[in-house]
Amino acid sequence: MWTKQQTPNQTQTQPQSQPQNPSAPSFARSSEPASDPNAYSSRPGTPAARSLACIGASLEIKGRITAEEDLQIDGKVEGPVSVRGHRLTIGRSGQLNSEVSARELVVFGKVTGNINATDRVEIKKDGAVIGDIQTTRISIEDGAIFKGRIEIDRPGSKPSSVPALKSESAGALVGAD
């Protein structure tokens with residue numbers, strides 16, 4: 001039942017090794033390791049991997065942070081943060097108490113301080129921003145907290161700094177005489 005008898009003609013015509021079927025997948029190892037982060041970036045439709053630095057939820061940092069890559073803050077930071085040309089994300093447990101400079105800012109947590117974003121600012125539904133914002137685009141979801149002023153720059157114009165916003169009396173803001 002399990003063994004098949006071969007005729008002498010069959011044993012002569014079959015080669016020693018098994019023939020490869022061109023439609024069958026090849027399981028030969030490639031010279032590139034599978035853990036190579038760039039191994040799949042050449043596929044069409046696959047976005048290139050962006051480097052991302054993270055400050056964990058249990059970290060508390062006091063001082064200036066400057067980054068040349070995207071940054072996510074889930075901990076507490078006291079001091080100016082600059083990620084010019086990149087995205088800064090403040091996670092749900094993240095707290096930032098100072099000025100922010102970035103290309104994009106996404107707030108899920110809390111930011112207290114002035115914000116200068118060259119492209120856009122997003123304040124998500126559980127996010128809170130207390131301070132002035134200067135950007136070209138802004139999105140504030142329902143349920144988000146915002147207290148401050150917003151200055152929208154036109155794309156391509158030279159942005160002024162957020163602290164240069166003119167202070168007006170409370171009466172002038174509500175239109176009182």
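User: What makes up the secondary structure of the protein chain?

Analyst: The protein chain has 2 helices and 15 strands, where helices (H or I, at least four residues) and strands (E, at least two) are DSSP runs numbered from the N terminus. This is a predicted model, in which local features need pLDDT of at least 70 and side-chain atom pairs count only at pLDDT 80 or more, while totals for chains, interfaces and linings use all residues. Residues are numbered from 1 along each chain as its sequence is written, and side-chain values use heavy atoms, with hydrogens and water left out.

User: What makes the set containing β2 and β14 an open sheet, and how do its strands pair?

Analyst: Two strands pair if DSSP finds at least two bridges between them, and 6 strands follow one another in the order β2-β5-β7-β9-β11-β14 with parallel pairing. The edges are β2 (60-62) and β14 (145-147), each with a single partner strand, so one side of each has no neighbour in the sheet. Within this sheet, neighbouring strands are turned by 5° against each other on average, direction ignored, the axes being lines fitted to C-alpha atoms and the angles running from 0 to 180 degrees between N-to-C directions.

User: Why is β8 called largely enclosed by the rest of the structure?

Analyst: A residue is buried under 20% relative accessible area, exposed over 50% and partly exposed in between (1.4 Å probe, protein chains only); 7 of the 8 residues of β8 are buried, so this strand is largely enclosed. For the protein chain of 177 residues, 28% count as buried. Strand β8 is joined to β6 by 7 bridges and to β10 by 7 bridges, in parallel in both cases. Among the bridge partners, I90 has V107 in β8, and S101 stands opposite N116 in β10.

User: What makes a group of residues a nonpolar core, and which members touch the most others?

Analyst: The term covers buried Ala, Val, Leu, Ile, Met, Phe, Trp, Tyr and Cys residues joined through side-chain atoms within 4.5 Å. The largest such core has 23 residues, of which L88 and I115 touch the most other members. At least two residues of this core come from each of β4 (70-73), β6 (81-90), β8 (100-107) and β10 (115-123).
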